[in-house]
Every structure is written in C-alpha cells, then in structure tokens.
Amino acid sequence: MHSRSPRAASRNFDSAHFRKALSQFATGVTIITTRLEDGSLIGLTASSFNSVSLTPPLVLWSLGEKSSSMPVFSGNSHYVINILGAEQAGLAEQFSRKSGDRFKGVEYALSRTGQPILKGVSAWFECHNRSRYPEGDHVIFVGEVEHCEVSPQAPLIYHNGQFTKTMG
Ligand SMILES: Cc1cc2nc3c(=O)[nH]c(=O)nc-3n(C[C@H](O)[C@H](O)[C@H](O)COP(=O)(O)O)c2cc1C
C-alpha cells in the first residue's frame with residue numbers, strides 16, 4: 001500500500017551530479033509545437049518524450065513549471081510532437097533559445113487541427129492534450145495521439161549534452 005511505503009532516504013548527491021547521470025540516457029530530440037488562436041506559433045525543444053500506452057495510443061513529455069510556454073500548453077487542446085531528423089541539431093538549438101523568434105526561417109505545414117509540423121522531421125505525432133500531472137519542478141503532459149507519420153529520415157540523438165547522428 002502506498003500509504004505505508006517508506007519515504008525516500010536523504011540524498012548524497014547534488015543537482016549537477018543528478019543531471020550528469022541522467023545525461024547518460026541517450027534520447028531522441030523533439031520540438032513540440034502548437035498554435036494560438038491569433039495564429040502565432042509556439043514551440044520548444046524537449047528530450048523528455050516517451051511512449052506510455054499502445055491502446056489507447058498515449059505518449060508523454062515534461063515541461064518545466066516556469067517555462068514561458070506553460071500557459072499555452074496548459075490551455076491548448078492539441079500539439080504536435082516533431083521527432084527531429086539527424087541533420088536538425090540547429091533547429092533543436094533554435095527552439096531552446098530564450099529570446100528571438102524560434103520559427104524564423106523554419107519550414108512547416110499545418111496539421112488537421114492547425115498545429116505546425118516541421119519539415120524534414122523523422123516522425124511526428126499530433127496529440128490531443130489529454131492530461132497533465134504536476135511533479136516536482138515539471139508538469140508531465142500525457143498526449144493522446146490522433147495522427148502520426150514516419151519518414152525515412154534517420155533521427156537526431158542527444159547524449160551527454162551533445163547532439164549526435166549515430167549512437168556511440
Ligand atoms: C536537448 C534539449 C532538451 C530539452 N528538453 C526539455 C524538456 O524535456 N522539457 C523542458 O521543459 N525543457 C527542455 N529543454 C529546454 C527548452 O528547450 C527551453 O530552453 C526552455 O523551455 C527555456 O525556454 P522557455 O522558458 O521559453 O520555455 C531542452 C533543451 C534542450 C537543448
């Protein structure tokens with residue numbers, strides 16, 4: 001029973017050490033995009049993407065609670081998770097910058113619900129914004145996939161703070 005589970009023991013590591021250990025987990029890289037009613041586009045780079053369920057098709061990602069994108073992603077009904085291609089490290093950097101127009105020079109099409117699908121991605125998932133779970137300093141977003149597509153483009157990989165094209 002959860003109520004009888006012992007509490008976590010006190011920690012003997014700091015945040016930098018925790019991040020270093022986490023960085024050994026190689027991931028793909030996504031840009032998560034959505035559109036406001038006035039037509040303006042929102043997106044950010046996120047490596048916290050993962051699968052949750054096959055039936056129904058569910059995925060998750062997490063967003064920092066202080067992110068400038070939080071109000072938009074909390075309120076919008078849909079977003080697209082773009083899985084970046086091997087040649088798109090520059091886009092990953094562009095969509096993680098604090099200032100400037102992240103969509104400047106970016107080619108995209110609009111999904112059925114009007115969310116930006118970036119050109120040249122390895123795959124994309126159009127998600128209904130199904131549920132959100134605040135945990136620690138992030139909010140876990142669970143998306144229900146309504147549409148997804150795959151391209152032959154190899155994916156970009158993120159490992160130990162670096163973008164790579166192949167595992168190694
Ligand atoms: C490779 C990479 C992965 C990232 N993954 C996440 C993530 O999963 N969740 C998140 O909230 N921010 C993530 N970020 C940071 C965001 O892209 C962005 O820098 C951050 O949200 C700051 O901008 P904001 O305040 O406008 O949101 C990642 C950045 C990089 C470069």
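How many bridges join β6 to strand β9? Six bridges join β6 to β9, which covers residues 123–135, and the two run antiparallel; strands, like helices, are DSSP runs numbered from the N terminus, with at least two residues (E) for a strand and at least four (H or I) for a helix, and two strands pair if DSSP finds at least two bridges between them. This is a predicted model, in which local features need pLDDT of at least 70 and side-chain atom pairs count only at pLDDT 80 or more, while totals for chains, interfaces and linings use all residues. Residues are numbered from 1 along each chain as its sequence is written, and side-chain values use heavy atoms, with hydrogens and water left out.

Towards β9, the bridge partner of Y79 is C127. Strand β6 itself spans residues 78–83, and six of its six residues are buried, where buried means under 20% relative accessible area, exposed means over 50%, and partly exposed lies in between, judged with a 1.4 Å probe and protein chains only. In a regular strand the side chains alternate between the two faces of the sheet. In β6 both faces are covered, with H78, V80 and N82 buried on one side and Y79, I81 and I83 buried on the other.

A separate open sheet is formed by three strands in the order β1-β11-β12, with antiparallel pairing. Its edge strands are β1 (27–28) and β12 (162–164), each of which pairs on one side only. Three bridges join β11 (residues 157–159) to β12, and Y158 stands opposite F163 of β12.

The model also contains a ligand with 16 residues around it, of which S48, S67, S68, S96 and K98 come nearest; a residue is near a molecule if one of its heavy atoms lies within 4 Å of it. Polar contacts here are pairs of N or O atoms within 3.5 Å, and within protein one atom must be able to donate a hydrogen and the other to accept it, while residues adjacent in sequence count only if both atoms are side-chain atoms. A polar side-chain atom of S67 lies 2.5 Å from an oxygen atom of the ligand, a polar backbone atom of G64 is 2.9 Å from a ligand oxygen, and an N or O atom in the side chain of R102 is 3.1 Å from one. Taken alone the ligand exposes 620 Å², and the protein buries 80% of that, with accessible areas coming from the Shrake-Rupley method with a 1.4 Å probe and, for residues, only the protein chains shown counting as cover.

The structure holds four salt bridges, each a side-chain nitrogen of Lys or Arg within 4 Å of a carboxyl oxygen of Asp or Glu. One of them joins the side chains of K165 and E87 at 3.2 Å, N to O; because K165 lies in the segment after β12 and E87 in the loop between β6 and α3 (89–94), the pair ties together parts that are 78 residues apart in sequence. Another salt bridge links E126 with R112, whose closest N and O atoms are 3.8 Å apart. Here E126 is buried, with a relative accessible area of 0%, whereas R112 counts as exposed at 62%.
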